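My notes follow, starting with charge pairs and moving on to ligands, core and backbone.

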Amino acid sequence: MTFEEAMQRKRELNFWERIYVPEIVRGVALTSRHFAVNLFVHTAHLFGLLRGRAAAVTFQYPEEKRPLAPRLRTRHRLTVRAEGTPRCVGCMLCETVCPAKCITIVAGEHPDPNVEKYPTRFDIDLGVCVYCGYCVEVCPEDAIRMDTEILDIAAYTRDAMKLDIHELMNPRLRKPVGECTLKFPHECRVHGGQKPNEPAPIAGSWDAVYG
Ligand code: SF4
Ligand code: SF4
């Protein structure tokens, strides 16, 4: 629809709407009706009456949080194996399917020959993500989920909306990340990327690589 068409669909205000006062009275009457009905029904509930009639409830957010539906998609997390390493095998399917192009993965050779790859870097830009959940659906390893129940993702800068592998593996972790505790070579924004003198990943355990 063009702008002109949208403007034509706009209804002209009638005389009573143009002088505003009747509309203000109408709005106040509507709000007052909701207030009176809710007060009456909540009071009735206190006495065990009108149980079948629902009344509006105000959640005192953030102290009180509304129950979330189990299928709700919330902030992403990367699932980890028993030894704490990411389940992700760096197949890039999620990065490829993402319609917002907000996933960045750099895959590296895994030190364990039974695992082909692992993510040396895994970023998601939540400022761009549309929460479609395709990345979760497509993952063959159940390595990424959107079940953290974290909804408060607001930040003061666009950069702060970008989650790195630390925050994705530990959803409670928030920037700034003080110390990198991951036991494998990876691109770490906190440390300015992979350290130049880091040994290349070799066959063996994660601890053998980094002690
Ligand atoms: S939820 Fe959708 S937009 Fe967000 S990272 Fe996953 S695939 Fe991309
Ligand atoms: S999260 Fe899953 S789909 Fe994405 S690269 Fe890792 S294994 Fe592949």
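This is a predicted model: local features need pLDDT of at least 70, side-chain atom pairs count only at pLDDT 80 or more; totals for chains, interfaces and linings use all residues.

**Salt bridges**

I started with R77, which forms a salt bridge with D147, the closest N and O atoms being 2.7 Å apart. I took a salt bridge to be a side-chain nitrogen of Lys or Arg within 4 Å of a carboxyl oxygen of Asp or Glu. The pair links distant parts of the chain: R77 is in strand β1 (residues 77-78) and D147 in the loop between β4 (144-145) and β5 (162-163), 70 residues apart. Helices (H or I, at least four residues) and strands (E, at least two) are DSSP runs, numbered from the N terminus.

Residues are numbered from 1 along each chain as its sequence is written, chains are lettered from A and ligands numbered from 1 in the order in which they are written, and side-chain values use heavy atoms, with hydrogens and water left out.

My cut-offs: buried is under 20% relative accessible area, exposed is over 50%, and partly exposed is in between (1.4 Å probe, protein chains only).

R77 and D147 also belong to a network of salt bridges with D142 and R145. I count seven salt bridges by this rule.

Next I checked E109 and K117, whose side chains meet in a salt bridge at 3.0 Å, N to O. E109 is partly exposed at 47%, and K117 is partly exposed at 27%. R121 and D123 make another salt bridge, at 2.7 Å; here R121 is partly exposed at 29%, whereas D123 is buried at 7%.

**Ligands**

Around ligand 2 I find 13 residues, the closest being C88, C91, M92, C94 and C139. This shell splits into 12 nonpolar, one polar and no charged.

**Nonpolar core**

I then looked at the largest nonpolar core, which has 23 residues; L78, I103, F122, I124, L126 and I144 touch the most other members. Such a core is a set of buried Ala, Val, Leu, Ile, Met, Phe, Trp, Tyr and Cys residues joined through side-chain atoms within 4.5 Å. β2 (103-109), β3 (117-125) and α6 (165-169) are the elements that give two or more residues to this core, and α6 gives the most, with three.

The Y61 to P62 peptide bond is cis, with omega near 10°, and P62 is in the loop between α3 (21-46) and β1. L50 lies in the loop between α3 and β1 and has a positive phi, near 50°, without being a glycine. M92, in the loop between β1 and α4 (93-97), is not a glycine either, yet its phi is positive at about 75°. M92 is partly exposed, at 25%.

Notes. A residue is near a molecule or strand if one of its heavy atoms lies within 4 Å of it. Ala, Val, Leu, Ile, Met, Phe, Trp, Tyr, Cys and Pro count as nonpolar, Asp, Glu, Lys and Arg as charged, and the others, Gly among them, as polar.
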